[in-house]
Amino acid sequence: MSSACPRCGVLNSLVSVPIPPPKKKSAAARKVATGIVIAIIVLAGIILLAPALANFVIQQKDNPAITILQPQSQQPRTVPREELVQHVLDRINKDRTDFGLLPVKLSSNQAAEIHAEDVFRTRQISHWTTNGEKPYMTYTQNDGEGSVQQNVAIAGFSPEQYEQCVTNILVQCEKIEPLYTIEQLQYEMMYNDKECCNDGHRNNILDPRHTHVSIGIVYDQYYLALVQNFENNYGLDVDVEDSEIEISGTLLDGQLDHIAIYYDEMPTRAVYEQNKNLLSYSAGELVAVVVKPLPPGYYYESLQGYNLIEADRWTVQRDSVDVMFDLADAVDKDGAYTLFALAKDGEEIFDVTSYSIFVNSEEND
């Protein structure tokens with residue numbers, strides 16, 4: 001029996017793209033640029049690539065297999081889901097506290113469980129679900145308003161061998177003991193992740209900015225799917241009315257820096273088939289950045305590659321946030337538009353939302 005080390009990307013360093021400062025208008029001046037920093041935040045993982053707020057190249061690696069032998073002294077048993085979830089949470093928080101980090105709380109968001117059920121049903125480890133959604137899309141569909149970054153791991157037999165085990169064609173199939181298997185998968189993600197995945201799983205588990213995790217587990221005697229959706233929940237709410245977007249609340253840490261908008265094609269089964277074997281996922285294509293409005297007499301330079309959207313309202317005072325803008329300024333075709341709000345704490349920039357909005361002109365008609 002083997003455990004597939006989830007596919008991974010390569011860890012990218014934090015990169016900033018400086019933009020010239022605001023300029024004063026003159027009679028001959030046309031509308032132009034401002035000083036805003038676009039942060040590229042990339043976290044690679046074992047099936048994890050956190051929303052990357054820029055385009056980058058992923059180096060692909062073969063998907064290695066890890067052999068997990070079940071202890072002969074233990075008989076496989078059925079374990080209630082609540083016990084398994086608590087076991088995973090305990091293992092995650094032990095690893096975090098061992099490295100001096102605060103524990104994460106258990107999230108009630110159902111996206112991880114939905115993803116685990118999808119992986120279990122297909123026996124295909126992937127960041128995409130079979131309806132074509134990426135993790136942040138499924139997270140939003142289940143009322144998530146923070147930011148999410150995903151680990152996925154499996155243990156068990158290939159689809160062909162699985163059917164032979166179930167039908168007793170293979171009579172010596174080793175059966176899964178779920179608690180032991182979870183222990184081994186967590187250990188592999190923490191301590192044997194360098195060669196497989198450039199420590200992407202480990203970095204996700206030990207990210208000090210994570211506040212919550214939702215856990216999906218589905219298993220039977222011959223296959224186990226484990227999904228960990230780590231969340232950054234920092235107190236911001238996202239409200240959508242037509243194309244008007246409001247992001248507001250009390251930011252628990254840092255200060256809102258800017259909002260980046262990324263585009264993905266509309267999720268479909270065809271999208272899943274095209275991408276299911278990819279080693280990682282990105283945030284899509286950067287199409288717009290929302291910035292605070294400038295005082296009268298100042299203007300923004302136009303930038304190549306994406307739009308600058310001046311917010312209709314941008315009130316950021318200490319930890320209080322109240323921003324409103326029109327998404328229509330970023331939309332030129334149907335698809336999923338994901339809002340990544342980024343907060344800044346000193347020199348560190350981290351994402352506090354990954355909120356997807358689906359635009360379908362046919363439905364609007």
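User: Where does Asp326 lie?
Analyst: Asp326 is part of strand 19, residues 320–326. Helices (H or I, at least four residues) and strands (E, at least two) are DSSP runs, numbered from the N terminus. Please note that this is a predicted model, in which local features need pLDDT of at least 70, side-chain atom pairs count only at pLDDT 80 or more, and totals for chains, interfaces and linings use all residues. Residues are numbered from 1 along each chain as its sequence is written, and side-chain values use heavy atoms, with hydrogens and water left out.

User: Why does Asp326 count as partly exposed?
Analyst: Asp326 counts as partly exposed because its relative accessibility is 21%. Buried means under 20% relative accessible area, exposed over 50%, and partly exposed in between (1.4 Å probe, protein chains only).

User: What does the side chain of Asp326 reach?
Analyst: It reaches the backbone nitrogen of Ala328 at 3.0 Å. The side chain of Asp326 also makes a polar contact of 2.7 Å with that of Ser243. A polar contact is a pair of N or O atoms within 3.5 Å; within protein, one must be able to donate a hydrogen and the other to accept it, and residues adjacent in sequence count only if both atoms are side-chain atoms.

User: And which residues is Asp326 in contact with, leaving aside neighbours within four places in sequence?
Analyst: Those are Ser243, Glu244, Ile309 and Asp312, where contact means heavy atoms within 4.5 Å.

User: New topic: is Glu113 buried or exposed?
Analyst: Glu113 is buried, at 11% relative accessibility. This residue is found in helix 2, and its side chain reaches the backbone nitrogen of Ile217 at 3.2 Å. Not counting residues up to four places away in sequence, Glu113 touches Arg81, Ile215, Gly216, Ile217 and Val218.

User: Where is the place of Arg123?
Analyst: Arg123 sits in the loop between helix 2 (111–122) and helix 3 (135–141). With a relative accessible area of 15%, Arg123 is buried. Beyond residues up to four places away in sequence, Arg123 touches Pro159, Tyr162 and Tyr223. Its C-alpha atom is separated by 8.5 Å from that of Ala225, 102 residues apart along the chain.

User: How do the axes of helix 1 and helix 5 cross?
Analyst: The axes of helix 1 (residues 81–98) and helix 5 (residues 178–191) come within 10 Å and cross at roughly 30°, which means that helix 1 is roughly parallel to helix 5. Axes are lines fitted to C-alpha atoms, for helices over the stretch in contact, and angles run from 0 to 180 degrees between N-to-C directions. Angles under 35 degrees count as roughly parallel, over 145 as roughly antiparallel, 65 to 115 as roughly perpendicular and the rest as oblique.

User: Which residues make the contact?
Analyst: Helix 1 contributes residues including Leu84, Val88 and Ile92, while those of helix 5 include Leu179, Ile182 and Met190.

User: Finally, how many helices and strands does the chain have?
Analyst: The chain has nine helices and 22 strands. Of its 365 residues, 53% count as buried. Among contacts between residues at least 6 apart in sequence, 72% join residues at least 24 apart.
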